[in-house]
Amino acid sequence: MTAMRATRAPELIGPGPPRLLAGVSSAGAPSTLDEHLSVYGQLPPAGAIDLPALVDASGLRGLGGAGFPTATKLRAVASQRGRPFVVANGAEGEPISGKDKVLVRYLPHLVLDGAAAAAHALGAREAIVALSRADRDGIDALSAAIAERGGGLDKRVRLRAVAVPDGFVAGEETALVQFLNRGVAKPTFTPPLPFERGVGKAPTLVQNVETLAQLALIARFGPVWFRAVGTADEPGSALVTISGAVAEPGVYEVALGTPLRELVAQAGGVTEHVRAFLVGGFFGSWLGEREAADASLLEGDLRSRGARLGARAIVVLPTSACGICETARAMRYLADSSAGQCGPCVYGLDAIARSFERLAAQQSRDERKQLSRWIQQVRGRGACRHPDGAAAFATSALKVFARESELHLRGRCEGKRRVLPIPGIAA
Amino acid sequence: MKRVRVNPITCEGHGLCAELLPERIQLDEWGFPIVDPEPVAGEAARHAARAVEACPTLALLLEAASDRSR
């Protein structure tokens with residue numbers, strides 16, 4: 001293991017002082033290279049560490065939502081023939097998540113360190129950081145940081161920022177690779193996966209920017225430090241985006257395993273009575289207020305409740321909003337966000353969204369059986385997981401808002417407030 | 001052992017596959033195939049090969065049942 005360098009490892013004990021976010025300046029500006037180095041220290045030289053081994057021992061998993069073990073992905077790319085390529089994915093298309101934007105905007109050098117360290121470990125000569133076109137602050141912060149570093153950490157890895165089209169599906173791994181290759185931000189049929197054939201046909205590591213920022217800290221401080229917070233199965237800290245009926249919505253860093261109610265307290269507490277929580281973003285699930293009461297921010301815990309932690313985007317739905325109406329709006333957004341390539345996604349999600357819209361509009365016909373069948377039917381039938389994510393979300397709505405759907409069928413709705421931010425639609 | 005799989009991007013829902021391989025393929029209400037991933041053998045394998053050849057957009061694939069892809 002690497003010796004600690006001049007800088008002390010940032011600490012995080014429960015909700016409280018940040019670790020990953022230790023370098024966020026109180027002035028609200030992106031950290032400069034000097035500020036960055038004074039907080040986190042230098043990355044150890046590439047030859048001095050065995051990065052895949054450190055990442056493996058740390059138990060780091062992808063923080064973009066899928067949770068795939070990062071060491072496995074690194075090794076899969078390394079096992080391919082040809083010089084690899086690295087893509088840092090900061091194209092956060094999920095409307096209720098803001099953590100990647102916050103990270104890139106405030107700590108661009110930490111993201112660049114992670115991309116450079118991964119590139120060094122794999123022998124890649126180039127790393128691209130992909131950001132959403134609409135994320136002007138992120139693009140500016142990152143471009144300035146790259147300029148400050150003179151293009152690369154030690155000139156062996158060329159770092160580049162690339163703006164990708166906005167949209168929910170554009171950040172999907174194969175969509176990102178296809179955009180970088182031929183300007184089309186739509187998922188592709190797999191195999192080949194990016195680790196086999198990605199950017200310029202090279203074996204390509206696509207990692208979420210937060211994953212790479214964590215990797216940059218693991219390279220410095222090692223797995224024992226990483227595991228000092230979190231649980232044995234789900235170690236470390238992670239960024240969470242919380243919004244809805246809380247006093248201080250925003251992005252927080254928490255130790256994995258933090259109780260949901262502690263996160264809510266950290267976000268200033270609830271501002272109204274709570275009906276439910278949306279956990280894991282629009283690809284996640286609704287959790288009723290009761291089931292969520294003693295939940296903790298762990299994939300394992302949430303799975304046992306029929307939900308998933310995903311990219312850790314959470315919305316607190318107050319009783320002044322209706323779960324069926326909110327689900328109808330989100331389903332319409334998901335259906336309209338389809339890349340439009342696969343029939344089952346194009347027609348199936350639209351049918352599901354229409355069905356929820358009719359239920360929300362209190363049309364009295366009970367079509368929930370047909371709706372459930374459509375939901376079952378779209379799973380696994382797209383080139384990417386878009387229909388699967390939408391199906392999981394819809395399934396949880398029918399379960400958690402069973403009482404609300406009964407009310408709707410009888411012409412009643414309990415709340416008119418709009419809480420979910422849907423791009424292009426006013427709340 | 002082989003199994004059939006559809007490339008949903010190239011599939012345009014012509015539906016020939018469901019006629020030629022009813023053992024594994026049904027159509028949804030919009031005419032797109034719902035494929036049973038169970039491996040095909042014997043007569044079903046012959047039907048599968050014919051369905052793959054008949055697909056106008058070459059969207060139907062026969063692949064090794066051990067492939068990691070879904």
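Is A:Cys342 buried or exposed? A:Cys342 is buried, and its relative accessible area is 6%. Please keep in mind along the way that this is a predicted model.

A disulfide is a covalent bond that links the sulfur atoms of two cysteines. A:Cys325 is in no disulfide, and the nearest cysteine sulfur, which belongs to A:Cys322, is 3.8 Å away. The cut-off explains this: a disulfide needs two cysteine sulfur atoms within 2.5 Å.

A:Cys342 is in no disulfide either. For A:Cys342 the nearest cysteine sulfur is that of A:Cys345, at 6.5 Å.

## The loop between H7 and S4

Next comes a stretch of chain A with several backbone details to look at. Where does A:Pro191 sit? A:Pro191 is in the loop that runs between helix H7 (173-182) and strand S4 (204-208) of chain A. The peptide bond leading from A:Thr190 into A:Pro191 is cis, and its omega is near -5°. A cis peptide bond also connects A:Pro191 with A:Pro192, with omega about 5°. A:Pro192, too, has its place in the loop between H7 and S4 of chain A.

The loop between H7 and S4 of chain A also holds A:Lys201. A:Lys201 is not a glycine, although it has a positive phi of about 70°. Is A:Lys201 buried or exposed? A:Lys201 is exposed, with a relative accessible area of 63%.

## Another positive phi

A:Gln362 is a residue other than glycine with a positive phi, here near 60°. You can find A:Gln362 in the loop between helix H13 (343-360) and helix H14 (368-378) of chain A. A:Gln362 is partly exposed: its relative accessible area is 26%.

How many residues of S4(A) are buried? Five of its five residues are, so S4(A) counts as mostly covered, given that buried means under 20% relative accessible area. From S4(A), A:Thr204, A:Val206 and A:Asn208 point one way, while A:Leu205 and A:Gln207 point the other way, and all are buried.

Strands of a sheet pair by backbone hydrogen bonds, in either a parallel or an antiparallel way. Strand S1 (residues 85-90) of chain A runs parallel to S4(A), and five bridges join the two. One place to look is A:Asn89, whose bridge partner in S4(A) is A:Asn208.

## A five-stranded open sheet

In which order do the strands of the open sheet lie? Its five strands, in chain A, follow the order S6-S5-S9-S7-S8, and their pairing is mixed. Strand S6 (250-255) and strand S8 (285-288) of chain A are the edge strands, each pairing on one side only. On average, neighbouring strands of this sheet are turned by 30° against each other when direction is ignored.

To see one of the pairings, turn to strand S7 (residues 274-279) of chain A. S7 pairs with S8(A) in the antiparallel sense, over four bridges. Here A:Ala276 stands opposite A:Gly288, which is in S8(A).

Methods
Residues numbered from 1 in each chain as written. Chains lettered and ligands numbered in written order. Predicted model: local features only at pLDDT ≥ 70, side-chain atom pairs only at ≥ 80, totals over all residues. Heavy atoms only, no water. Buried < 20%, exposed > 50% of the residue type's maximum accessible area, 1.4 Å probe, protein only. Pairing = 2+ DSSP bridges. Axes fitted to C-alpha atoms, helices over the stretch in contact; angles between N-to-C directions.
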